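Hi everyone, thanks for coming. Please have a look at the sequence and the structure on the screen, and then we can walk through a few parts together.

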Amino acid sequence: MQAAELARNGGSGARERRVLSAEQKEKWDRDGYLVLPQFFGPDIVDPINALIATLSDPVRRPQALASRVVVDLLAGPAGDQRVRLSDAPVAALSRPVKFNDLFLETDIVRGCNLHPRLVPILTELLDGAPAVCNSLNFIQGSEQTDHIDSWFMPPPVLEKM
């Protein structure tokens with residue numbers, strides 16, 4: 001079933017096909033996360049990694065894109081700042097950096113977030129059609145302390161982030 005059809009049916013039409021096993025759904029309900037090992041192959045992952053590597057290189061990155069992309073600098077002297085990538089100190093890019101909302105700027109990330117294999121799974125887990133509201137990409141993990149994202153991005157429907 002296509003994402004648009006799922007949205008029209010509220011994600012729970014009689015024709016909806018279950019894509020997750022009962023065990024996977026139970027794990028999601030119990031633990032709040034689901035691991036799908038090797039879900040995306042190199043055809044999806046490698047271009048995203050290449051994009052991040054290119055954006056991290058001040059010589060190779062497209063300056064027009066760098067002026068639109070926002071990053072969080074997470075460590076070092078420039079840490080705890082949110083800046084446009086084009087304004088980030090070169091040295092800061094060798095430390096943990098969070099690339100924000102690349103789905104707005106690149107087809108590569110948007111295509112992953114809205115991948116036709118992923119949308120039905122998210123629709124099933126969320127009991128309705130998913131919407132992309134942000135994306136985060138990293139060269140290395142942020143090592144953030146435990147936090148609750150719904151405080152920062154409250155869902156429009158209670159308990160349905």
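Let me start with a question: which residue just after H6 takes a positive phi? That is Asp127, with a phi of about 55°.

Before going on, a word on the source: this is a predicted model, where local features need pLDDT of at least 70, side-chain atom pairs count only at pLDDT 80 or more, and totals for chains, interfaces and linings use all residues. Residues are numbered from 1 along each chain as its sequence is written, and side-chain values use heavy atoms, with hydrogens and water left out.

Helices (H or I, at least four residues) and strands (E, at least two) are DSSP runs, numbered from the N terminus. Helix H6 covers residues 118-126, and its buried residues are Leu118, Val119, Ile121, Thr123, Glu124 and Leu125. Buried here means under 20% relative accessible area, exposed means over 50%, and partly exposed lies in between, with a 1.4 Å probe and protein chains only.

Now the sheet. Four strands form an open sheet in the order S2-S1-S3-S4, with antiparallel pairing; strands pair if DSSP finds at least two bridges between them. At the edges, pairing on one side only, sit S2 (81-84) and S4 (136-138).

Strand S1, residues 70-73, pairs with S2 over 4 bridges in the antiparallel sense.

Finally, Gln81 belongs to strand S2. Gln81 touches Val71, Asp72 and Leu73, leaving aside residues up to four places away in sequence; contact means heavy atoms within 4.5 Å. Gln81 is partly exposed, because its relative accessible area is 37%.
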